[in-house]
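Subject: Structure for you to look at

Hello,

Here is the structure I said I would pass on. My notes on it follow below.

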Amino acid sequence: MDRRTFVQRTCIASAGLLVGGIPTLGEDEVVLPQAPPIDVHEAPLATKSPLGMPGLYPGRVVELHHARSIVGNRVSQPVIRGMLEQGLKELSGESSATAAWQKFVEPHDVVGIKINPSGAPACCSSPELVREIIRGVQSAGVPNQNIVVYDRFGDEMDLGSYQLLMPPGVRVVGVQNNRLDQAGYDANVYAQVDFFGEWETRSYMASVVANELTKIINVPTLKDHSASGVTGCLKNVGYGTFNNVARSHKEPISFTNPLIGVLCSIEPLRSKVVLNIMDGTRMVWHGGPLTQNQDFIYQAGMMLLSTDPVAMDTVELEIIDKKRSEEHAPSVWEHKASSVTRNSREFYTDASKNLFYRQPGHIAAAGKLGLGISDLKVIDRRKVEMKA
């Protein structure tokens, strides 16, 4: 952790990363500006772990459905337990969930559970699922005092009442006490880039990630995002670990591609994220990440598991775009000037409007950085229908 390296990660971003995975654009769509290069100052682990992104099972995604996992907008913890155990066994090939957990964490680990409280209380990482993940980590021998449920913003965690809902002894950590608080960040690990002439051009890694946690379980939600296209594994752990990231998008332009993937590639974050468990009980198909509009929140009753964040986000993107099509909303790939509004009220009530030209290409861009597989034809997508 003492060895620091300085590299320029994304001169390759401008051409190769920005076009990765993008469908053919129509003549009436806007041509977006190229992103500037991003300088990275990181702290590689002394020994690189095979568990880091894309992990033990590159390209493998387990997608579980259970009709009773959420009923009347209430998540069933017993059903979630069964889904999680079945998903872990399917992902790992082990005969028991405990044996599967032992592939990812060991008793001496300090395990971070990176939740997504953004959008609480309407849609966030369900406390029911987080409690079951804690139970699984405990089954591998990790004591409660070595389990940390964390996110950047303590105020958003307050809205989800995570401090009250976690088992005794488990730490609940908000990296920032307020939007301007920088005390919780490591000044030696950062990405530096000037997007729009902003005053502060660095984004620093959370100290708890850089210096304390040894493993991270990433728990994103199934959600669209007005700037990045979707909030999945990559955005949850990348933008949820570094500060000063909202500067990557200024209406209507978004440089979330390639910043999201670059942040996820920075050590030691890349090596510490060993498992992604997506809470898909609720799906936000428009208005993400903060909408409270129930018209745009579908009780999907899903859970996805993967060690490969790119593969999982690729599947998530397909799911959300399919739902948008069913609801007669434009694709998240659409870059038409007529679809963009500066009226946030219009965005939160009209699924045909958006605040930015979304950048779902950040997923394929992350794949080009070696974080996973973004080709749906290659992804080993294992669908599991569980009986109600």
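Where does Pro289 lie? Pro289 sits in the loop between strand E16 (273–284) and strand E17 (297–298); helices (H or I, at least four residues) and strands (E, at least two) are DSSP runs, numbered from the N terminus. The bond from Gly288 to Pro289 is a cis peptide, with omega near 10°.

This is a predicted model, in which local features need pLDDT of at least 70 and side-chain atom pairs count only at pLDDT 80 or more, while totals for chains, interfaces and linings use all residues. Residues are numbered from 1 along each chain as its sequence is written, and side-chain values use heavy atoms, leaving out hydrogens and water.

A cis peptide bond also joins Met53 and Pro54, with omega about 10°. Pro54 is in the loop between strand E2 (39–42) and strand E3 (60–66).

Most residues other than glycine have a negative phi, and most peptide bonds are trans. Ser161 has a positive phi, near 60°, and is placed in the loop between helix H5 (154–159) and helix H6 (162–165). Ser161 counts as partly exposed because its relative accessibility is 29% (buried means under 20% relative accessible area, exposed over 50%, partly exposed in between; 1.4 Å probe, protein chains only). Asn244 has a positive phi too, about 55°. Asn244 is in the loop between helix H8 (233–238) and strand E14 (249–250), and with a relative accessible area of 25% Asn244 is partly exposed.

Regards
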